[in-house]
Amino acid sequence: MTSALAGAPHLPSKAANNAGVAADAELDRGAYLVNAVMACDSCHTPRREDGRLDLARRFSGGSEVWDTPNFTVHGSNITPDSDTGIGAWSEDDLKRLLTQGVRPNGVRVAPQMPYGLYRLLTPRDLDAVVRYVRSVAPLRNEMPAPVYKTEAYAGPLLAAKHDSAKPAKAEGKEDPASRGAYLGSLAYCMACHSRRPDGVVDTRNWWGKGGFVMKGGFGTVSVSNITSSKSKGIGALSDAQLRRALTDGVGHDGRVFKLPMARQAFYSRMTERDIDALIAWLRAIPPSE
């Protein structure tokens, strides 16, 4: 660049350029977390008749309905539409929803929204997620209001288990298993894999044990044991087999995963380093049969 151009008044300053780079990095980080790790499309994007996500209406509200004795809820519209989405919410409103499960009007969301795990988001990652969600295209789509049938619908917060899920520094050099625990929490793996056969999430006595039978438009799925048990869990599988399961949605026996575990479209976007970290975390989960 010539000195004349460098001094042109219409060009941003070095400080402004640095700020722009930082802002872009934050947006990119938010996009990565939302689209590759947290898989928000799974609940908040409608599906077409063939079961594929309707990305033309992305984040405008999901097709899945959770109808339980305690509540009936849909994946809400999380686009910045002012009337039917989150356009009227502040950043603090969205952060409170993500980490505490409470809407701006004070109503708690159903536990299908894994806010008990999202509370592990580092402050930097929480800022990035909020910024990205607020940046997507607003789409008007009125979703049915949640129906709460009992006071017990929220239940205890879904808290990650002890030291194994302490948040890791997203950009640090921490050990892979610790990083994997952080990513696995954001991917809410244990929301399904620590659910007892009676449907109650038990992160103390049922950590990764599986066994819950899920039913929905995807059919019937028995949740797998993902502990390091060699007979019942993933302890006998190779890293390559685990990688294929995470990124291709194919089990070691060749079966193709059904929803909701068929998230390879999301997890396949994760970096090699993060997939390796998830595998290291899975290896570290105590065996349980």
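**Salt bridges, a helix crossing and a tyrosine pair**

Arg243 is partly exposed, with a relative accessible area of 22%. Its salt-bridge partner is Asp276. The model is predicted. The structure holds 15 salt bridges and one aromatic pair. Helices α7 and α11 pack with their axes 7 Å apart.

**Salt bridges between helices**

- Side chains of opposite charge can pair when their charged atoms come close.
- Arg243 and Asp276 meet through their side chains, at 2.2 Å from N to O.
- This pair links distant parts of the chain: Arg243 sits in helix α9 (residues 239-248), Asp276 in helix α11 (residues 272-284), and 33 residues separate them.
- Asp276 is partly exposed, at a relative accessible area of 38%.
- Asp127 and Lys95 form a salt bridge as well, with 2.6 Å from N to O.
- Here too the pair links distant parts of the chain, 32 residues apart: Asp127 belongs to helix α6 (residues 123-133) and Lys95 to helix α4 (residues 91-100).
- Asp127 has a relative accessible area of 30%, so this residue counts as partly exposed.

**Other salt bridges**

- Arg48 pairs with Asp50 in a salt bridge, and the closest N and O atoms are 3.0 Å apart.
- Arg48 is partly exposed, with 42% relative accessible area.

**Packing of α7 on α11**

- Two packed helices are described by the angle between their axes and the distance between the axes.
- Helix α7 (residues 176-186) meets α11 at an angle of about 95°.
- That angle makes α7 roughly perpendicular to α11, because 65 to 115 degrees counts as roughly perpendicular.
- On the α7 side, the contact residues are Pro176, Ala177, Arg179, Gly180, Ala181, Leu183 and Gly184.
- On the α11 side, they are Arg273, Asp274, Ala277, Leu278, Ala280, Trp281 and Ala284.
- By class, the contact has nine nonpolar, two polar and three charged residues.

**The aromatic pair**

- Which two residues supply the rings, and how are the planes set? They are Tyr118 and Tyr188, with planes at 70° and centres 6.4 Å apart.
- The pair is edge-to-face, because planes over 60 degrees apart count as such.
- Tyr118 lies in helix α5 (residues 115-118), and Tyr188 lies in the loop between α7 and α8 (190-193).
- The pair therefore ties together parts that are 70 residues apart in sequence.
- Are these tyrosines buried or exposed? Both Tyr118 and Tyr188 are buried.

Notes
Residues numbered from 1 in each chain as written. Predicted model: local features only at pLDDT ≥ 70, side-chain atom pairs only at ≥ 80, totals over all residues. Heavy atoms only, no water. Salt bridge = Lys/Arg side-chain N within 4 Å of Asp/Glu carboxyl O. Buried < 20%, exposed > 50% of the residue type's maximum accessible area, 1.4 Å probe, protein only. Helix = DSSP H or I, 4+ residues; strand = E, 2+ residues; numbered from the N terminus. Axes fitted to C-alpha atoms, helices over the stretch in contact; angles between N-to-C directions. Parallel < 35°, antiparallel > 145°, perpendicular 65-115°, else oblique. Contact = heavy atoms within 4.5 Å. Nonpolar A, V, L, I, M, F, W, Y, C, P; charged D, E, K, R; others polar. Phe/Tyr/Trp six-rings, centres within 6.5 Å; stacked < 30°, edge-to-face > 60°.
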